[in-house]
Amino acid sequence: MVKIAPSILSADFANLAQSVQVVEKAGAEYLHIDVMDGHFVPNITIGPLIVEALRPHSKMFFDVHLMIEQPDRYIADFIKAGADLVCVHGETCHHLHRVVSLIKEKGAKAGVALNPHTPIQLIEYILPMLDLVLLMTVNPGFGGQKFIPEVLPKIEAVSRMIKERGLTTELQVDGGINTQTASLVAKAGANVLVAGSAIFGSDDPAQAVQEIRKAAELSQ
Ligand SMILES: O=C(CO)[C@H](O)[C@H](O)COP(=O)(O)O
Ligand SMILES: [Co+2]
């Protein structure tokens, strides 16, 4: 079963609650919230206040993707604001085990994201602690970028690692996902597909959610 996670990065920020309700009604399971700090990535986006403001408007699973330095400083705030899952970048944590433990202690599910070039060995020994691994299929920082196909064998490798160990860890991909690339990543083993511009940049975001799901499921 594939889960669809629309990224609000490409939504209408002046009408966020309405945009979220459209994709929720269309059956999207996760709401992907991209947090950028202007340090780890060049862009600046949203903070816990927006998560808190959106929370009463949706029952979706809030998946918060932290593209920030020193994420441990903000984990509690995002969870208090309504994050169901907090995903930190492995590249930003000197003490990844400690940061993942903190997310769980504060009551949320924990994910680790890896940039396209980052070796999967970074998560090898903490994999059993993780609820989700996020493999970036673009270099983080902006929506609307082109999918990096070199990540496909990496998706296969992490999927294999999860299966061989009998784990239930979800495997998420993020960046450049549309109906074409959805088939490729689902075939490689991804089960949570983030899509921003392909959904919110489309004339019919609800239909885009359904089409991406269909493309992914047909390829499995
Ligand atoms: O984390 C991200 C960028 O760093 C976004 O989630 C991602 O880029 C989604 O946008 P699109 O589907 O348009 O590529
Ligand atoms: Co993201």
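**The annotated active site**

Tutor: The UniProt record (an unreviewed entry) places the feature "active site" at Asp 34 and Asp 174. The two cluster in space, with a largest C-alpha distance of 10.5 Å, although they are spread over 141 residues of sequence. UniProt positions follow the numbering used here, feature names are shortened, and annotations may be inferred rather than shown by experiment. The model is predicted: local features need pLDDT of at least 70 and side-chain atom pairs pLDDT 80 or more, whereas totals for chains, interfaces and linings use all residues. Residues are numbered from 1 along each chain as its sequence is written, while chains are lettered from A and ligands numbered from 1 in the order in which they are written.

Asp 34 is found in strand β2, and Asp 174 lies in strand β7, residues 170–174 (strands are DSSP runs of E, at least two residues, and helices runs of H or I, at least four, numbered from the N terminus). Asp 34 counts as buried because 24 other C-beta atoms lie within 10 Å; Asp 174 is buried as well, with 26 C-beta neighbours inside 10 Å (buried means 20 or more such atoms within 10 Å, exposed 12 or fewer, partly exposed in between, with C-beta atoms placed from the backbone).

Neighbours within four places in sequence aside, Asp 34 is in contact with Ser 7, Leu 9, Thr 45, His 65 and Met 67 (contact means backbone-placed C-beta atoms within 7 Å). On that basis, Asp 174 is in contact with His 65, Leu 134, Met 136, Thr 137 and Val 194.

Key: Two residues are in contact if their C-beta atoms, placed from the backbone, lie within 7 Å.
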